[in-house]
Amino acid sequence: MSDWTPRPGTLGTDDYLDGNALAGPLSEVFAIDITAAVGTCSGCGTVRAIAEARLYVNAPAKLLRCPECDGVWLRLDERDGRVIVDFRGLTQLTITLG
Ligand SMILES: [Zn+2]
């Protein structure tokens, strides 16, 4: 059972908060230099710093690819005054705080 799986009988209908409750914790996480974070590739399991991955900018969105298997770790799409970040190529992102 992963850390994200609720134990049977422990998750009731009132056991959640509005997503706004993450504003504080996420502002701390994303205020750091993300390139120092360590990612785990969902394709091959490689564990490397974001700064060691390969960034491709000649596409509609910026693509960060795994240095081992070339799988897409992160897709960053900036348009219409918004930034959309897709992290689905990483199974885990480890950030060392302060
Ligand atoms: Zn990989």
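Guide: Strands (E, at least two residues) are DSSP runs, numbered from the N terminus. This is a predicted model, where local features need pLDDT of at least 70, side-chain atom pairs count only at pLDDT 80 or more, and totals for chains, interfaces and linings use all residues. Residues are numbered from 1 along each chain as its sequence is written.

Visitor: Good. Which residue stands opposite Thr40 in E2?

Guide: That is Val47. Strand E1, residues 38-41, runs antiparallel to E2, and three bridges join them. Another partner across these two strands is Arg48 in E2, which is bridged to Gly39.

Visitor: And what is Thr40's bridge partner in E7?

Guide: Gln92. E1 and E7 are also antiparallel, with four bridges.

Visitor: What is the strand order in that open sheet, then?

Guide: The order is E2-E1-E7, three strands with antiparallel pairing. E2 (47-49) and E7 (90-94) are the edge strands, each pairing on one side only. On average, neighbouring strands here are turned by 25° against each other, direction ignored; axes are lines fitted to C-alpha atoms, and angles run from 0 to 180 degrees between N-to-C directions.

Visitor: New topic. Which residues make up the largest nonpolar core?

Guide: Eight residues: Cys41, Ala53, Leu63, Leu64, Cys66, Trp73, Leu74 and Leu90. A nonpolar core is a set of buried Ala, Val, Leu, Ile, Met, Phe, Trp, Tyr and Cys residues joined through C-beta atoms within 7 Å. E4 and E5 are the elements that give two or more residues to this core.

Visitor: What does Leu63 touch?

Guide: Tyr56, Val72 and Arg75, leaving out residues up to four places away in sequence. Contact here is for C-beta atoms, placed from the backbone, that lie within 7 Å. Arg75 in E5 also stands opposite Leu63.

Visitor: How many bridges do E4 and E5 have?

Guide: Four, in the antiparallel sense, between E4 (residues 62-65) and E5 (residues 72-79). They form a hairpin with six residues between them. Asp70 lies in that loop and has a positive phi of about 70° although it is not a glycine.

Visitor: Is Asp70 buried or exposed?

Guide: Exposed, because Asp70 has 11 C-beta neighbours inside 10 Å.

Visitor: What about E5 and E6, how many bridges join them?

Guide: Five bridges, with E5 running antiparallel to E6 (residues 82-86). Leu76 stands opposite Val85 in E6. The E5 and E6 hairpin has two residues between the strands, and Asp80 takes a positive phi near 55° there.

Visitor: Why does Asp80 count as exposed?

Guide: Because Asp80 has 6 C-beta neighbours inside 10 Å.

Visitor: Back to E1 and E2: which residue in their hairpin takes a positive phi?

Guide: Gly45, near 85°, in a hairpin with five residues between the strands.

Terms used. Two strands pair if DSSP finds at least two bridges between them. A residue is buried if 20 or more other C-beta atoms lie within 10 Å of its own, exposed if 12 or fewer, and partly exposed in between; C-beta atoms are placed from the backbone. Two residues are in contact if their C-beta atoms, placed from the backbone, lie within 7 Å.
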